[in-house]
Amino acid sequence: MTHRPNGMTYAQAGVDIDAGNALVERIKPLARSTARPGATPSLGGFGALFDLKAAGYDDPLIVTTTDGVGTKLKLAIETGIHDTVGVDLVAMCVNDLLAQGAEPLLFLDYYATGKLEVEAAAAVIAGIAEGCRQAGCALVGGETAEMPGMYAGGDYDMAGFCVGAVDRTKVLPDFQAQTPGDILIGLVSSGPHSNGYSLVRRIVERSGLAWDAPAPFGDGETLARALLTPTRIYVKALLPDLKAGRVKGLAHITGGGLTENPPRAIAPGLVPRFDWSAWALPPVFEWLQQTGGVAETEMRRTFNCGLGMVLIVDPHHVAEVLEGLVRAGEDAFVVGELART
């Protein structure tokens, strides 16, 4: 190859290979910290292997999910707080796997930006590793893409991909088992999780509050920190009940809120009957509703309104399920029942 003096380089075009290599070295220990039976993460290869037998499965079905964090990322980017949205990314994927009855096994991420800032990216991926540890799944790889001209300033976007497994007889929802009178159990959320942030940001704009102002609904946190509280991960609390077959259906309350998500886990001919007095609307949602003048119906179809998960359980198992969830650190209670349409 002929050497051309003053020839252009990839770095001059806006892509810094050295920064990418530095990031990989920063995150290798994070990936190793998520090792689990069946997977020993080792970044740098072209793919990742997983041993289902080592994970304890004989006749499993593979379940896959993918998701992002949405416009909650804009809040992280505008405030420079990058250490929580990685947890959100994992949570949105692994909680969806739970809704199929599956255990999360391995996770991959895709991180794209116009100019790679190693410190910001490392903070994001540290959050991803934390989410994986909470979910008990291995961070086995990912992709970091530096694409000048595609993203402005310090903007970045990311997507998560998770693979799980479920025994063939434990797939959810179990429509055939569901009957009128089955009980709905709600698990408390940590806030808006990762949904409705386009509306959240408009409401904050209307309020006139700065991101570093004290949160009107918080315990001394700034508004930004309070609204960046990461999505709760329910894996370790729910897996014992899922594997024991004590749950007939499970709805992860994401976009579409309490109006759109529960029906996805409920058999045709049945509907959820919520007891809306069973729990108080958490302060963050009260503030959003009052400040934005948001109607009750709009709140319920946009936000989780305090419930991150809704379980469908036979009445005979309710006490046992509630006891186990509370013992696992969850705030869980009955929020309604199934009824005929």
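Tutor: In this predicted model, a helix is a DSSP run of H or I with at least four residues, counted from the N terminus. Helix α2 covers residues 72-79, and the residue that follows α2 is Gly80, with a positive phi near 75°.

Student: What do the buried residues of α2 pack against?

Tutor: They pack against α3 (85-98), β4, α5 and α6 (223-227), where contact means heavy atoms within 4.5 Å.

Student: Why is strand β5 described as largely enclosed by the rest of the structure?

Tutor: Strand β5 spans residues 183-188, and five of its six residues are buried, so the strand is largely enclosed by the rest of the structure.

Student: How do you know which strands pair with β5?

Tutor: Two strands count as paired if DSSP finds at least two bridges between them. With strand β8 (residues 307-313), β5 has six bridges in the antiparallel sense, and Leu184 stands opposite Ile312 of β8. With strand β9 (residues 332-340), β5 has five bridges, again antiparallel, and here Ile185 has Val334 as its bridge partner.

Student: Where is His193, and why is His193 called buried?

Tutor: His193 is found in the loop between β5 and α5 (197-207). Its relative accessibility is 1%; the cut-off for buried is under 20%, and therefore His193 counts as buried. His193 also has a positive phi of about 55°, although it is not a glycine.

Student: What makes Cys305 count as buried, and where does it lie?

Tutor: Cys305 lies in the loop between α10 (296-302) and β8. Its relative accessible area is 3%, to be set against the limit of under 20%, and so Cys305 is called buried. The phi of Cys305 is near 55°, which is a positive value in a residue other than glycine.

How values were computed:
Residues numbered from 1 in each chain as written. Predicted model: local features only at pLDDT ≥ 70, side-chain atom pairs only at ≥ 80, totals over all residues. Heavy atoms only, no water. Buried < 20%, exposed > 50% of the residue type's maximum accessible area, 1.4 Å probe, protein only. Helix = DSSP H or I, 4+ residues; strand = E, 2+ residues; numbered from the N terminus.
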